Amino acid sequence: PMSQMRQAIASRMVTASAGVPVIYLTTKIEMDRLIDLRVQLNSMDGIRISINDFIVKACGLALRDFPAVNCAFQGDKIVQFNDVDISVAVSIPDGLITPIVRSADSKGLAAIGKDVKALVGKARSNTLSPDEYQGGSFTISNLGMFGAVDAFTAILNPPQAAILAVAGTSEEL
C-alpha cells in the first residue's frame with residue numbers, strides 16, 4: 001500500500017497536470033564562470049557553496065526582478081507574493097518534500113547554503129516543522145548531482161505558478 005506521503009504526492013501530481021495552465025521551456029546555459037567562482041569560494045576556510053546554492057540565489061533575484069512569476073493560483077485569482085520563498089525538492093525515503101528557503105533574494109550564498117543543508121538534514125530525519133515546508137512561491141528540483149540526467153520535466157508544486165527543473169552539467173565543444 002502507498003504511504004500517506006506517496007498518496008499526497010500522487011494527488012498533487014494529478015492536480016498539477018490537470019488544474020493549471022502549463023508551458024515547458026528548455027534551455028542550456030554556460031556554467032564555466034559559475035563553476036570557477038564556486039571553486040574560488042570553496043577554497044576559502046569555512047566556505048562550502050554548492051551549485052544548487054547559486055541556483056537558489058539566482059532564482060531569488062529573478063523572482064524579485066520579475067514579480068509576476070512570484071505568484072500562486074488561488075481559484076479564479078493569481079496572487080502575487082511579496083516575499084521570495086523558494087522551495088527546494090528533497091528526496092526522502094518515503095517520497096519527496098519541499099522545504100523552503102525563506103527570503104532567498106536577500107540572503108547571501110553562504111546563508112543559503114547553510115539553510116539548505118539544515119533543511120535537507122531535517123527533511124531526511126523527518127523533523128521539519130510545517131512552516132518549513134508549507135508555502136513557498138517557487139520550487140527548484142535539481143537532479144544535476146546524479147550526473148547522467150540531461151533533462152527532465154519537474155512536476156509543478158500547486159498552488160505555485162512555476163518550477164525549475166535543473167539537470168546535470170556537461171562539457172560541450
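**Close-up views of the predicted model**

View 1. Gln 74 stands opposite Lys 77 in S2. Strand S1 covers residues 71-74 and strand S2 covers residues 77-80; the two run antiparallel and are joined by four bridges. Two residues lie between S1 and S2 in this hairpin. In the turn, Gly 75 has a positive phi of about 65°.

**View 2. The open sheet S6-S3-S7-S8.** Four strands make up this sheet, and their pairing is mixed. At its edges lie strand S6 (100-101) and strand S8 (163-166), each of which pairs on one side only. In a regular strand, side chains alternate between the two faces of the sheet.

**View 3. The pairing of strands S3 and S7.** Strand S3 comprises residues 86-88, and strand S7 comprises residues 138-142. Three bridges connect S3 and S7, and the sense of the pairing is parallel. Within this pairing, Ser 87 has Thr 139 of S7 as its bridge partner. Both strands belong to the open sheet, where the order is S6-S3-S7-S8.

**View 4. A patch of negative charge on the surface.** Four residues gather here: Glu 30, Asp 32, Asp 36 and Glu 171. Of these, Asp 32 lies in helix H2, which spans residues 32-42.

**View 5. The protein chain as a whole, for orientation.** The chain contains four helices and eight strands. Along the sequence, these elements follow the pattern α-α-α-β-β-β-β-β-β-α-β-β. The C-alpha trace spans about 45 × 35 × 35 Å along its principal axes. A compact globule of 173 residues would have a radius of gyration near 16 Å, and the protein chain, with 16 Å, therefore agrees with that expectation.

Technical notes
Residues numbered from 1 in each chain as written. Predicted model: local features only at pLDDT ≥ 70, side-chain atom pairs only at ≥ 80, totals over all residues. Heavy atoms only, no water. Patch = residues over 30% accessible without salt bridge, like charges linked within 9 Å, V, L, I, M, F, W, Y side chains within 5 Å. Areas by Shrake-Rupley, 256 points an atom, 1.4 Å probe, with all protein chains shown as cover. Salt bridge = Lys/Arg side-chain N within 4 Å of Asp/Glu carboxyl O. Lys, Arg positive; Asp, Glu negative; His and termini not counted. Charge placed at Lys NZ, Arg CZ, Asp CG, Glu CD. Pairing = 2+ DSSP bridges. Rg over C-alpha atoms; globule rule 2.2 N^0.38 Å.
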